[in-house]
Amino acid sequence: MRTPRGKLLLVLAVVLAVAGTGWGVAALLRSPADEAAARRPPEPSLVTVAVERRKLVATVVVSGTLEYGSPYPVSLAGVVGGSETTQRATRAPRRGTLAEGAVIMEVNGRPVFVFFGTVPMHRSIVSGAKGADVEQLQKALRRLGYRAPATGVFDQATIAAVSRFYAKKGYEAQQPTLELRQKRDDLRRAVRTAQEVLATERVALDQGKDVLPLKAKLANARQDLKEAEQALKSARAQDRTTEDEAKIEAAESAVRAAEEKLLAARQELAQATATPTPASSPTGAATAGPPGDTRLLELRVANATAELAAARSALERVLKEAGTTRAARLTELGKNVRLAREAVATAEQALRQARQLSPVKLKVANAQRDLAAARALLAEFSRTYGITVPPGEVVFLPRLPARLHKPTVKAGEPVDKSIATVTSSSFVVSGSVDVAEAERVKPGLNASIETEAGKTVAGTVTSLGGRDAKGAVPVTITPTSMKSLRKLAGAPVTVRVTIGATDREVLVVPAAAVVTATDGRARVQVEIAPDRTEEVEVRTGLSADGAVEVTGDLEPGDLVVVNSA
(Lines give C-alpha, C1' and ligand atoms only; values in the text may rest on other atoms or scores of the structure.)
Protein backbone atom coordinates (compact mmCIF):
# COMPACT_ATOMS: atom_id res chain seq x y z
CA MET A 1 0.00 0.00 0.00
CA ARG A 2 1.54 3.28 -1.11
CA THR A 3 1.97 6.18 1.32
CA PRO A 4 0.74 9.71 0.54
CA ARG A 5 4.33 10.78 0.04
CA GLY A 6 4.93 8.11 -2.59
CA LYS A 7 1.81 9.10 -4.45
CA LEU A 8 2.99 12.72 -4.52
CA LEU A 9 6.39 11.78 -6.00
CA LEU A 10 4.73 9.69 -8.71
CA VAL A 11 2.48 12.57 -9.73
CA LEU A 12 5.45 14.96 -9.93
CA ALA A 13 7.38 12.56 -12.15
CA VAL A 14 4.47 12.23 -14.58
CA VAL A 15 4.07 16.02 -14.73
CA LEU A 16 7.74 16.53 -15.44
CA ALA A 17 7.73 13.90 -18.23
CA VAL A 18 4.74 15.49 -19.95
CA ALA A 19 6.32 18.93 -19.69
CA GLY A 20 9.62 17.73 -21.21
CA THR A 21 7.86 16.06 -24.10
CA GLY A 22 5.91 19.20 -24.84
CA TRP A 23 9.04 21.33 -24.80
CA GLY A 24 10.81 18.98 -27.23
CA VAL A 25 7.94 18.96 -29.68
CA ALA A 26 7.70 22.73 -29.49
CA ALA A 27 11.45 23.02 -30.28
CA LEU A 28 11.06 20.92 -33.42
CA LEU A 29 8.15 22.93 -34.75
CA ARG A 30 8.98 26.19 -36.67
CA SER A 31 6.77 28.74 -38.19
CA PRO A 32 7.09 29.61 -41.92
CA ALA A 33 8.72 32.91 -40.97
CA ASP A 34 11.29 31.16 -38.80
CA GLU A 35 12.08 28.69 -41.60
CA ALA A 36 12.58 31.51 -44.16
CA ALA A 37 14.89 33.37 -41.81
CA ALA A 38 16.97 30.24 -41.29
CA ARG A 39 17.46 29.77 -45.06
CA ARG A 40 18.52 33.41 -45.73
CA PRO A 41 22.21 33.70 -46.98
CA PRO A 42 24.69 35.34 -44.60
CA GLU A 43 25.58 38.94 -44.94
CA PRO A 44 28.39 39.45 -47.52
CA SER A 45 31.85 39.98 -46.00
CA LEU A 46 35.37 40.80 -47.23
CA VAL A 47 38.06 38.13 -47.72
CA THR A 48 41.39 39.60 -46.74
CA VAL A 49 45.01 38.49 -46.54
CA ALA A 50 47.76 40.07 -44.50
CA VAL A 51 50.65 41.82 -46.24
CA GLU A 52 53.92 39.91 -45.67
CA ARG A 53 57.59 40.80 -45.78
CA ARG A 54 59.70 37.95 -47.18
CA LYS A 55 62.01 36.94 -49.98
CA LEU A 56 60.31 35.96 -53.23
CA VAL A 57 61.67 33.33 -55.61
CA ALA A 58 60.18 32.66 -59.07
CA THR A 59 60.70 29.18 -60.51
CA VAL A 60 59.79 27.08 -63.53
CA VAL A 61 59.15 23.41 -62.81
CA VAL A 62 60.65 20.85 -65.21
CA SER A 63 59.92 17.12 -65.01
CA GLY A 64 62.77 15.08 -66.42
CA THR A 65 65.03 12.06 -66.12
CA LEU A 66 68.50 11.87 -64.58
CA GLU A 67 70.81 10.18 -67.08
CA TYR A 68 74.36 10.19 -68.37
CA GLY A 69 74.98 13.09 -70.73
CA SER A 70 76.11 13.39 -74.35
CA PRO A 71 74.97 10.01 -75.74
CA TYR A 72 76.98 9.16 -78.84
CA PRO A 73 76.44 6.08 -81.08
CA VAL A 74 79.64 4.29 -82.10
CA SER A 75 80.01 2.51 -85.43
CA LEU A 76 82.98 1.04 -87.25
CA ALA A 77 84.08 2.94 -90.35
CA GLY A 78 85.03 -0.19 -92.29
CA VAL A 79 86.67 -3.57 -92.08
CA VAL A 80 88.83 -4.68 -89.17
CA GLY A 81 92.04 -6.29 -90.39
CA GLY A 82 93.01 -6.58 -94.02
CA SER A 83 90.37 -9.04 -95.16
CA GLU A 84 86.95 -8.34 -96.61
CA THR A 85 85.55 -11.55 -95.07
CA THR A 86 82.54 -11.46 -92.75
CA GLN A 87 83.26 -9.21 -89.79
CA ARG A 88 82.27 -11.03 -86.60
CA ALA A 89 82.67 -9.87 -83.02
CA THR A 90 85.04 -12.15 -81.14
CA ARG A 91 85.02 -9.97 -78.01
CA ALA A 92 81.96 -7.81 -77.45
CA PRO A 93 82.04 -4.27 -76.03
CA ARG A 94 81.69 -4.11 -72.26
CA ARG A 95 80.11 -1.47 -70.04
CA GLY A 96 82.57 0.76 -68.24
CA THR A 97 84.91 3.69 -68.65
CA LEU A 98 86.85 4.06 -71.90
CA ALA A 99 90.24 5.73 -71.69
CA GLU A 100 92.31 6.75 -74.68
CA GLY A 101 94.07 3.79 -76.28
CA ALA A 102 91.67 1.23 -74.81
CA VAL A 103 90.44 -1.79 -76.79
CA ILE A 104 86.69 -1.37 -77.12
CA MET A 105 86.14 -4.81 -78.73
CA GLU A 106 87.71 -7.43 -81.01
CA VAL A 107 86.53 -8.36 -84.51
CA ASN A 108 87.89 -11.53 -86.11
CA GLY A 109 90.52 -11.50 -83.38
CA ARG A 110 91.71 -8.00 -84.31
CA PRO A 111 91.47 -5.04 -81.90
CA VAL A 112 89.32 -1.92 -82.18
CA PHE A 113 91.02 0.98 -80.38
CA VAL A 114 89.43 4.21 -79.14
CA PHE A 115 91.20 7.58 -79.42
CA PHE A 116 90.18 11.18 -78.81
CA GLY A 117 89.37 13.11 -81.97
CA THR A 118 86.67 14.99 -83.83
CA VAL A 119 87.54 13.78 -87.34
CA PRO A 120 85.84 10.40 -87.89
CA MET A 121 87.77 7.43 -89.19
CA HIS A 122 86.75 7.03 -92.83
CA ARG A 123 89.50 5.18 -94.71
CA SER A 124 92.46 2.86 -94.42
CA ILE A 125 95.49 4.87 -93.34
CA VAL A 126 98.28 3.61 -95.59
CA SER A 127 101.90 4.57 -96.06
CA GLY A 128 102.14 8.10 -97.43
CA ALA A 129 98.54 9.01 -96.55
CA LYS A 130 97.99 12.67 -95.63
CA GLY A 131 95.17 14.46 -93.84
CA ALA A 132 93.59 15.62 -90.62
CA ASP A 133 92.77 12.05 -89.60
CA VAL A 134 96.45 11.10 -89.81
CA GLU A 135 97.49 14.09 -87.71
CA GLN A 136 94.77 13.22 -85.21
CA LEU A 137 96.16 9.68 -84.90
CA GLN A 138 99.70 11.02 -84.50
CA LYS A 139 98.65 13.34 -81.67
CA ALA A 140 96.88 10.47 -79.92
CA LEU A 141 100.04 8.35 -80.11
CA ARG A 142 102.08 11.25 -78.72
CA ARG A 143 99.68 11.66 -75.78
CA LEU A 144 100.11 7.96 -75.00
CA GLY A 145 103.90 8.28 -74.95
CA TYR A 146 104.76 6.94 -78.41
CA ARG A 147 107.07 9.28 -80.26
CA ALA A 148 105.46 10.21 -83.54
CA PRO A 149 105.59 13.40 -85.61
CA ALA A 150 102.49 15.59 -85.89
CA THR A 151 102.92 16.26 -89.61
CA GLY A 152 99.68 14.79 -90.88
CA VAL A 153 101.67 12.33 -93.03
CA PHE A 154 101.71 8.58 -92.34
CA ASP A 155 105.46 8.24 -92.71
CA GLN A 156 107.95 5.64 -91.48
CA ALA A 157 108.30 7.28 -88.05
CA THR A 158 104.54 7.13 -87.55
CA ILE A 159 104.44 3.54 -88.79
CA ALA A 160 107.08 2.62 -86.22
CA ALA A 161 105.05 4.30 -83.46
CA VAL A 162 101.91 2.43 -84.56
CA SER A 163 103.84 -0.87 -84.50
CA ARG A 164 105.10 -0.20 -80.98
CA PHE A 165 101.62 0.75 -79.80
CA TYR A 166 100.06 -2.45 -81.19
CA ALA A 167 102.85 -4.58 -79.70
CA LYS A 168 102.38 -2.96 -76.28
CA LYS A 169 98.70 -3.87 -76.42
CA GLY A 170 99.51 -7.48 -77.35
CA TYR A 171 98.68 -7.28 -81.06
CA GLU A 172 100.54 -6.98 -84.34
CA ALA A 173 100.02 -3.99 -86.59
CA GLN A 174 98.26 -4.87 -89.84
CA GLN A 175 100.83 -6.28 -92.26
CA PRO A 176 100.28 -6.64 -96.03
CA THR A 177 97.97 -9.55 -96.70
CA LEU A 178 98.88 -12.51 -98.88
CA GLU A 179 96.79 -11.03 -101.69
CA LEU A 180 98.72 -7.77 -101.50
CA ARG A 181 102.07 -9.57 -101.51
CA GLN A 182 100.99 -11.59 -104.51
CA LYS A 183 99.83 -8.44 -106.25
CA ARG A 184 103.20 -6.79 -105.64
CA ASP A 185 104.93 -9.85 -107.11
CA ASP A 186 102.59 -9.70 -110.09
CA LEU A 187 103.43 -6.06 -110.66
CA ARG A 188 107.14 -6.74 -110.39
CA ARG A 189 106.75 -9.60 -112.81
CA ALA A 190 104.83 -7.32 -115.14
CA VAL A 191 107.76 -4.88 -115.12
CA ARG A 192 110.23 -7.66 -115.89
CA THR A 193 107.99 -8.92 -118.65
CA ALA A 194 107.70 -5.44 -120.14
CA GLN A 195 111.48 -5.10 -119.99
CA GLU A 196 111.85 -8.42 -121.78
CA VAL A 197 109.35 -7.42 -124.44
CA LEU A 198 111.11 -4.14 -125.01
CA ALA A 199 114.49 -5.84 -125.22
CA THR A 200 113.05 -8.38 -127.61
CA GLU A 201 111.58 -5.78 -129.90
CA ARG A 202 114.80 -3.79 -129.86
CA VAL A 203 116.82 -6.89 -130.84
CA ALA A 204 114.31 -7.59 -133.55
CA LEU A 205 114.65 -4.02 -134.69
CA ASP A 206 118.44 -4.31 -134.72
CA GLN A 207 118.54 -7.71 -136.37
CA GLY A 208 115.41 -7.48 -138.36
CA LYS A 209 114.24 -10.80 -136.92
CA ASP A 210 111.26 -11.53 -134.68
CA VAL A 211 111.88 -15.19 -133.88
CA LEU A 212 115.14 -14.90 -131.95
CA PRO A 213 113.64 -12.66 -129.24
CA LEU A 214 110.78 -15.09 -128.83
CA LYS A 215 113.25 -17.89 -128.26
CA ALA A 216 114.99 -15.83 -125.60
CA LYS A 217 111.63 -15.12 -124.03
CA LEU A 218 110.82 -18.81 -123.93
CA ALA A 219 114.21 -19.60 -122.41
CA ASN A 220 113.62 -17.00 -119.71
CA ALA A 221 110.18 -18.41 -119.01
CA ARG A 222 111.56 -21.94 -118.69
CA GLN A 223 114.30 -20.68 -116.37
CA ASP A 224 111.70 -18.90 -114.26
CA LEU A 225 109.65 -22.11 -114.11
CA LYS A 226 112.69 -24.12 -113.09
CA GLU A 227 113.55 -21.67 -110.33
CA ALA A 228 109.94 -21.51 -109.12
CA GLU A 229 109.67 -25.34 -109.00
CA GLN A 230 112.99 -25.57 -107.17
CA ALA A 231 111.91 -22.96 -104.63
CA LEU A 232 108.63 -24.82 -104.04
CA LYS A 233 110.44 -28.14 -103.68
CA SER A 234 112.90 -26.67 -101.18
CA ALA A 235 110.12 -25.09 -99.18
CA ARG A 236 108.19 -28.37 -98.99
CA ALA A 237 111.30 -30.20 -97.80
CA GLN A 238 111.98 -27.62 -95.10
CA ASP A 239 109.55 -27.68 -92.15
CA ARG A 240 110.64 -24.34 -90.80
CA THR A 241 112.73 -21.43 -91.85
CA THR A 242 115.92 -20.46 -90.04
CA GLU A 243 114.10 -17.50 -88.53
CA ASP A 244 111.28 -19.74 -87.26
CA GLU A 245 113.80 -22.21 -85.79
CA ALA A 246 115.50 -19.34 -83.96
CA LYS A 247 112.19 -18.10 -82.55
CA ILE A 248 111.19 -21.60 -81.42
CA GLU A 249 114.58 -22.23 -79.83
CA ALA A 250 114.36 -18.93 -77.96
CA ALA A 251 110.85 -19.73 -76.76
CA GLU A 252 111.86 -23.22 -75.62
CA SER A 253 114.86 -21.75 -73.82
CA ALA A 254 112.55 -19.33 -72.04
CA VAL A 255 110.33 -22.24 -70.94
CA ARG A 256 113.32 -24.16 -69.58
CA ALA A 257 114.57 -21.09 -67.72
CA ALA A 258 111.11 -20.55 -66.22
CA GLU A 259 110.94 -24.20 -65.13
CA GLU A 260 114.34 -23.92 -63.46
CA LYS A 261 113.30 -20.72 -61.70
CA LEU A 262 110.06 -22.32 -60.45
CA LEU A 263 111.91 -25.41 -59.20
CA ALA A 264 114.43 -23.25 -57.33
CA ALA A 265 111.66 -21.18 -55.75
CA ARG A 266 109.79 -24.29 -54.64
CA GLN A 267 112.94 -25.77 -53.13
CA GLU A 268 113.61 -22.56 -51.19
CA LEU A 269 110.02 -22.53 -49.91
CA ALA A 270 110.16 -26.19 -48.93
CA GLN A 271 113.46 -25.66 -47.10
CA ALA A 272 112.14 -22.61 -45.26
CA THR A 273 108.97 -24.48 -44.29
CA ALA A 274 110.81 -27.52 -43.05
CA THR A 275 113.49 -25.63 -41.04
CA PRO A 276 112.13 -24.33 -37.67
CA THR A 277 113.08 -20.91 -36.42
CA PRO A 278 115.34 -20.96 -33.31
CA ALA A 279 113.69 -19.55 -30.18
CA SER A 280 115.18 -18.79 -26.74
CA SER A 281 113.92 -20.60 -23.64
CA PRO A 282 113.71 -18.95 -20.23
CA THR A 283 116.95 -20.63 -19.28
CA GLY A 284 118.69 -19.14 -22.32
CA ALA A 285 118.90 -22.40 -24.29
CA ALA A 286 117.80 -22.39 -27.96
CA THR A 287 114.64 -24.32 -28.70
CA ALA A 288 112.68 -25.03 -31.90
CA GLY A 289 110.16 -22.28 -32.57
CA PRO A 290 107.41 -21.87 -35.16
CA PRO A 291 108.35 -21.58 -38.86
CA GLY A 292 109.44 -18.16 -40.07
CA ASP A 293 107.52 -15.85 -42.42
CA THR A 294 107.49 -17.53 -45.87
CA ARG A 295 105.25 -15.05 -47.69
CA LEU A 296 108.13 -13.71 -49.81
CA LEU A 297 109.12 -17.23 -50.87
CA GLU A 298 105.47 -18.07 -51.62
CA LEU A 299 105.25 -14.93 -53.74
CA ARG A 300 108.38 -16.01 -55.63
CA VAL A 301 106.80 -19.41 -56.31
CA ALA A 302 103.61 -17.75 -57.58
CA ASN A 303 105.58 -15.37 -59.83
CA ALA A 304 107.70 -18.21 -61.17
CA THR A 305 104.54 -20.22 -61.90
CA ALA A 306 103.06 -17.28 -63.81
CA GLU A 307 106.29 -16.78 -65.77
CA LEU A 308 106.34 -20.47 -66.73
CA ALA A 309 102.72 -20.27 -67.94
CA ALA A 310 103.53 -17.17 -69.98
CA ALA A 311 106.63 -18.82 -71.49
CA ARG A 312 104.67 -21.92 -72.49
CA SER A 313 101.94 -19.75 -74.02
CA ALA A 314 104.58 -17.84 -76.00
CA LEU A 315 106.05 -21.13 -77.26
CA GLU A 316 102.61 -22.26 -78.45
CA ARG A 317 102.12 -18.98 -80.32
CA VAL A 318 105.53 -19.26 -81.99
CA LEU A 319 104.79 -22.83 -83.12
CA LYS A 320 101.40 -21.79 -84.46
CA GLU A 321 102.82 -18.76 -86.29
CA ALA A 322 105.54 -20.95 -87.82
CA GLY A 323 102.91 -23.31 -89.21
CA THR A 324 100.83 -20.43 -90.57
CA THR A 325 103.88 -18.80 -92.17
CA ARG A 326 104.91 -22.07 -93.86
CA ALA A 327 101.41 -22.63 -95.28
CA ALA A 328 101.31 -19.08 -96.67
CA ARG A 329 104.81 -19.48 -98.14
CA LEU A 330 103.87 -22.74 -99.86
CA THR A 331 100.70 -21.17 -101.27
CA GLU A 332 102.63 -18.23 -102.64
CA LEU A 333 105.34 -20.41 -104.17
CA GLY A 334 102.72 -22.71 -105.70
CA LYS A 335 101.12 -19.74 -107.39
CA ASN A 336 104.51 -18.67 -108.72
CA VAL A 337 104.93 -22.13 -110.29
CA ARG A 338 101.53 -21.90 -111.95
CA LEU A 339 102.27 -18.45 -113.30
CA ALA A 340 105.65 -19.60 -114.57
CA ARG A 341 104.03 -22.54 -116.38
CA GLU A 342 101.51 -20.20 -117.95
CA ALA A 343 104.39 -17.96 -119.06
CA VAL A 344 106.16 -20.95 -120.65
CA ALA A 345 103.00 -22.01 -122.47
CA THR A 346 102.47 -18.46 -123.69
CA ALA A 347 106.05 -18.18 -124.91
CA GLU A 348 105.86 -21.55 -126.69
CA GLN A 349 102.66 -20.53 -128.42
CA ALA A 350 104.13 -17.18 -129.39
CA LEU A 351 107.17 -18.91 -130.80
CA ARG A 352 105.06 -21.33 -132.79
CA GLN A 353 102.88 -18.62 -134.18
CA ALA A 354 105.65 -16.09 -134.58
CA ARG A 355 104.83 -13.65 -137.21
CA GLN A 356 105.15 -10.03 -137.74
CA LEU A 357 101.77 -8.45 -137.03
CA SER A 358 102.96 -4.85 -137.17
CA PRO A 359 106.07 -2.94 -138.13
CA VAL A 360 108.94 -3.59 -135.74
CA LYS A 361 109.32 0.08 -134.87
CA LEU A 362 105.72 0.23 -133.72
CA LYS A 363 106.35 -2.82 -131.54
CA VAL A 364 109.29 -1.08 -129.88
CA ALA A 365 107.19 2.04 -129.18
CA ASN A 366 104.36 -0.05 -127.74
CA ALA A 367 106.82 -2.00 -125.59
CA GLN A 368 108.26 1.25 -124.23
CA ARG A 369 104.81 2.50 -123.29
CA ASP A 370 103.95 -0.84 -121.67
CA LEU A 371 107.13 -0.77 -119.61
CA ALA A 372 106.45 2.80 -118.45
CA ALA A 373 102.91 1.88 -117.47
CA ALA A 374 104.07 -1.22 -115.57
CA ARG A 375 106.67 0.79 -113.66
CA ALA A 376 104.09 3.47 -112.82
CA LEU A 377 101.68 0.88 -111.44
CA LEU A 378 104.44 -0.74 -109.37
CA ALA A 379 105.54 2.64 -107.99
CA GLU A 380 101.96 3.61 -107.10
CA PHE A 381 101.37 0.28 -105.37
CA SER A 382 104.70 0.40 -103.53
CA ARG A 383 103.87 3.89 -102.23
CA THR A 384 101.01 2.50 -100.09
CA TYR A 385 102.49 -0.96 -99.45
CA GLY A 386 103.39 -1.89 -95.88
CA ILE A 387 101.82 -1.54 -92.44
CA THR A 388 98.35 0.04 -92.51
CA VAL A 389 95.66 1.08 -90.04
CA PRO A 390 92.37 -0.45 -91.28
CA PRO A 391 89.33 1.86 -91.03
CA GLY A 392 87.52 -0.38 -88.54
CA GLU A 393 90.40 -0.71 -86.08
CA VAL A 394 90.21 2.88 -84.80
CA VAL A 395 87.24 4.79 -83.39
CA PHE A 396 87.65 8.51 -82.70
CA LEU A 397 85.40 9.94 -79.97
CA PRO A 398 84.90 13.68 -79.41
CA ARG A 399 85.17 13.31 -75.63
CA LEU A 400 87.38 11.06 -73.49
CA PRO A 401 87.32 9.46 -71.05
CA ALA A 402 83.85 8.23 -71.96
CA ARG A 403 81.45 5.73 -70.48
CA LEU A 404 80.34 2.77 -72.59
CA HIS A 405 76.67 2.84 -71.70
CA LYS A 406 74.99 0.27 -73.92
CA PRO A 407 76.66 -2.40 -76.11
CA THR A 408 74.59 -3.22 -79.19
CA VAL A 409 76.53 -6.22 -80.51
CA LYS A 410 77.30 -9.52 -78.81
CA ALA A 411 80.19 -11.92 -79.23
CA GLY A 412 79.66 -14.06 -82.31
CA GLU A 413 77.35 -11.60 -84.05
CA PRO A 414 78.22 -9.98 -87.38
CA VAL A 415 79.41 -6.39 -87.05
CA ASP A 416 77.34 -4.50 -89.60
CA LYS A 417 75.73 -1.79 -87.48
CA SER A 418 76.31 0.41 -84.46
CA ILE A 419 78.41 -1.44 -81.88
CA ALA A 420 77.64 0.62 -78.77
CA THR A 421 76.45 3.90 -77.30
CA VAL A 422 78.89 5.93 -75.23
CA THR A 423 78.14 8.83 -72.92
CA SER A 424 80.09 11.26 -70.84
CA SER A 425 80.85 10.26 -67.26
CA SER A 426 78.75 13.14 -65.90
CA PHE A 427 74.99 13.25 -65.35
CA VAL A 428 72.38 15.57 -66.84
CA VAL A 429 68.65 15.97 -66.47
CA SER A 430 66.74 15.88 -69.75
CA GLY A 431 63.26 17.38 -69.72
CA SER A 432 61.05 19.85 -71.54
CA VAL A 433 59.01 22.97 -70.83
CA ASP A 434 56.15 24.73 -72.58
CA VAL A 435 57.04 27.35 -75.16
CA ALA A 436 55.67 30.14 -72.96
CA GLU A 437 57.82 29.09 -70.00
CA ALA A 438 60.84 28.42 -72.22
CA GLU A 439 61.04 32.15 -72.97
CA ARG A 440 61.94 32.74 -69.31
CA VAL A 441 64.46 29.89 -69.07
CA LYS A 442 68.02 30.74 -70.10
CA PRO A 443 71.29 28.77 -70.01
CA GLY A 444 73.22 29.52 -66.84
CA LEU A 445 70.20 29.81 -64.53
CA ASN A 446 70.42 28.01 -61.20
CA ALA A 447 68.18 25.05 -60.55
CA SER A 448 67.28 22.63 -57.77
CA ILE A 449 67.01 18.93 -58.69
CA GLU A 450 64.68 16.91 -56.46
CA THR A 451 64.55 13.09 -56.58
CA GLU A 452 61.60 10.92 -55.60
CA ALA A 453 63.52 9.88 -52.49
CA GLY A 454 63.69 13.49 -51.32
CA LYS A 455 67.34 14.12 -52.19
CA THR A 456 68.05 17.64 -53.48
CA VAL A 457 71.02 18.53 -55.70
CA ALA A 458 71.94 21.94 -57.06
CA GLY A 459 72.21 22.31 -60.83
CA THR A 460 72.54 24.72 -63.73
CA VAL A 461 70.60 25.05 -66.99
CA THR A 462 73.13 24.19 -69.72
CA SER A 463 71.13 24.15 -72.95
CA LEU A 464 67.74 24.56 -74.59
CA GLY A 465 66.71 22.91 -77.84
CA GLY A 466 64.23 23.75 -80.54
CA ARG A 467 60.54 23.09 -80.32
CA ASP A 468 59.70 19.39 -80.67
CA ALA A 469 56.71 17.76 -82.39
CA LYS A 470 54.54 18.22 -79.28
CA GLY A 471 55.25 21.94 -79.07
CA ALA A 472 57.58 21.66 -76.06
CA VAL A 473 61.15 22.92 -75.78
CA PRO A 474 63.81 20.39 -74.61
CA VAL A 475 65.95 21.64 -71.74
CA THR A 476 69.10 20.17 -70.21
CA ILE A 477 70.14 20.75 -66.59
CA THR A 478 73.58 19.69 -65.31
CA PRO A 479 74.10 18.92 -61.59
CA THR A 480 76.89 20.93 -59.99
CA SER A 481 78.00 17.82 -58.09
CA MET A 482 77.93 14.23 -59.37
CA LYS A 483 78.44 12.70 -55.93
CA SER A 484 76.05 9.84 -55.04
CA LEU A 485 74.15 10.12 -58.36
CA ARG A 486 75.33 6.86 -59.94
CA LYS A 487 72.58 4.80 -58.29
CA LEU A 488 69.93 7.27 -59.50
CA ALA A 489 70.69 6.90 -63.22
CA GLY A 490 67.44 6.67 -65.17
CA ALA A 491 65.30 7.89 -62.25
CA PRO A 492 62.63 10.57 -62.77
CA VAL A 493 63.33 13.91 -61.06
CA THR A 494 61.68 17.28 -60.61
CA VAL A 495 63.72 20.38 -61.36
CA ARG A 496 62.90 23.88 -60.17
CA VAL A 497 64.67 26.46 -62.29
CA THR A 498 65.08 29.81 -60.58
CA ILE A 499 64.13 32.48 -63.13
CA GLY A 500 64.16 35.37 -60.66
CA ALA A 501 64.52 36.21 -56.97
CA THR A 502 64.61 39.24 -54.74
CA ASP A 503 67.93 39.93 -53.08
CA ARG A 504 66.22 40.88 -49.81
CA GLU A 505 62.87 40.66 -48.02
CA VAL A 506 60.12 42.64 -49.78
CA LEU A 507 56.43 43.35 -49.27
CA VAL A 508 54.37 40.53 -50.77
CA VAL A 509 50.63 40.34 -51.46
CA PRO A 510 48.51 37.74 -53.30
CA ALA A 511 48.41 38.38 -57.04
CA ALA A 512 44.59 38.31 -56.81
CA ALA A 513 44.70 41.40 -54.57
CA VAL A 514 46.27 43.61 -57.27
CA VAL A 515 43.85 45.33 -59.64
CA THR A 516 44.88 47.46 -62.61
CA ALA A 517 42.59 50.44 -63.05
CA THR A 518 41.58 52.10 -66.32
CA ASP A 519 44.47 54.55 -65.93
CA GLY A 520 46.93 51.63 -66.07
CA ARG A 521 47.99 51.96 -62.44
CA ALA A 522 47.98 49.05 -60.03
CA ARG A 523 46.04 49.32 -56.78
CA VAL A 524 45.05 47.22 -53.80
CA GLN A 525 42.12 47.62 -51.42
CA VAL A 526 43.16 47.84 -47.76
CA GLU A 527 40.64 47.15 -45.01
CA ILE A 528 40.78 50.09 -42.58
CA ALA A 529 37.71 49.09 -40.51
CA PRO A 530 35.16 46.28 -40.59
CA ASP A 531 33.58 46.38 -44.06
CA ARG A 532 35.44 49.62 -44.87
CA THR A 533 38.32 49.79 -47.38
CA GLU A 534 40.42 52.31 -49.15
CA GLU A 535 42.48 51.99 -52.36
CA VAL A 536 46.25 52.21 -52.17
CA GLU A 537 48.34 52.67 -55.31
CA VAL A 538 51.27 50.24 -55.60
CA ARG A 539 54.08 49.34 -57.97
CA THR A 540 54.48 45.65 -58.72
CA GLY A 541 57.70 43.68 -59.09
CA LEU A 542 58.59 39.99 -59.22
CA SER A 543 55.72 37.49 -59.12
CA ALA A 544 55.97 33.82 -58.10
CA ASP A 545 53.65 31.09 -56.82
CA GLY A 546 50.55 33.32 -56.82
CA ALA A 547 52.26 36.17 -54.95
CA VAL A 548 53.65 39.47 -56.21
CA GLU A 549 56.18 41.97 -54.91
CA VAL A 550 54.67 45.47 -54.25
CA THR A 551 55.93 48.84 -53.09
CA GLY A 552 53.66 51.60 -51.81
CA ASP A 553 51.95 52.90 -48.69
CA LEU A 554 51.65 49.48 -47.09
CA GLU A 555 53.00 47.85 -43.94
CA PRO A 556 53.39 44.19 -42.99
CA GLY A 557 50.17 43.02 -41.39
CA ASP A 558 47.89 45.31 -43.42
CA LEU A 559 44.86 43.39 -44.67
CA VAL A 560 44.38 43.54 -48.45
CA VAL A 561 41.15 42.42 -50.08
CA VAL A 562 41.27 39.47 -52.45
CA ASN A 563 37.53 39.62 -53.22
CA SER A 564 34.92 42.37 -53.09
CA ALA A 565 31.97 40.39 -51.77
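**Figure 1. The largest pocket of the predicted model.** The largest pocket has a volume of about 1,100 Å³. A pocket is an open set of points on a 1 Å grid over the protein atoms alone, with protein on both sides within 12 Å along at least five of seven lines, and lining residues have an atom within 4 Å of a point. Its volume is the space filled by probe spheres set on the points, which are joined across faces, edges and corners. This is a predicted model, in which local features need pLDDT of at least 70, side-chain atom pairs count only at pLDDT 80 or more, and totals for chains, interfaces and linings use all residues. Residues are numbered from 1 along each chain as its sequence is written, and side-chain values use heavy atoms, with hydrogens and water left out. The lining of the largest pocket comprises 28 residues, of which E172, Q175, E321, T324 and T325 are the closest to the centre. At least two lining residues come from each of α5 (178-207), α7 (242-274) and α8 (295-352). The helix α8 gives the most, with eight residues. Helices (H or I, at least four residues) and strands (E, at least two) are DSSP runs, numbered from the N terminus.

**Figure 2. The largest nonpolar core.** This core has 24 residues, and F115, I125, L137, L141, F154, Y166 and V389 have the most contacts inside it. Two or more of its residues come from each of β8 (110-116), α3 (132-143), α4 (156-168) and β11 (394-397). The largest contribution to this core, five residues, is that of α4. Apart from this core lies another, of 20 residues, among them V62, L66, V441 and V475. A nonpolar core is a set of buried Ala, Val, Leu, Ile, Met, Phe, Trp, Tyr and Cys residues joined through side-chain atoms within 4.5 Å. Buried means under 20% relative accessible area, exposed over 50%, and partly exposed in between, with a 1.4 Å probe and protein chains only. Leaving out residues up to four places away in sequence, Y166 touches R110, P111, F113, Y171, E172, A173, V389 and E393. Contact means heavy atoms within 4.5 Å.

**Figure 3. The largest cavity.** Three cavities of 30 Å³ or more are present in the structure. A cavity is a set of grid points where a 1.4 Å probe fits but cannot get out. The largest cavity holds about 40 Å³ of space. Its lining consists of F113, F115, L137, L141, V162, F165, Y166, V389 and V394. Two or more lining residues come from each of β8, α3 and α4. The helix α4 gives the most to this lining, with three residues.

Figure 4. Two strands pair if DSSP finds at least two bridges between them. Two bridges join β5 to β7 (residues 103-107) in the antiparallel sense. E106 in β7 is the bridge partner of R91.

**Figure 5. G128 in the loop between β8 and α3****.** G128 counts as partly exposed because its relative accessibility is 25%. G128 is in contact with F154 and R383, leaving aside neighbours within four places in sequence.

**Figure 6. Two hairpins that share strand β22.** The strands β21 (residues 522-529) and β22 (residues 532-544) run antiparallel and are joined by seven bridges. V526 stands opposite E534 in β22. Two residues lie between β21 and β22 in their hairpin, and D531 in the turn has a positive phi of about 65°. Five bridges pair β22 with β23 (residues 547-552), also in the antiparallel sense. Opposite T540 stands V550 in β23. The hairpin of β22 and β23 likewise has two residues between the strands, and D545 takes a positive phi near 55°.
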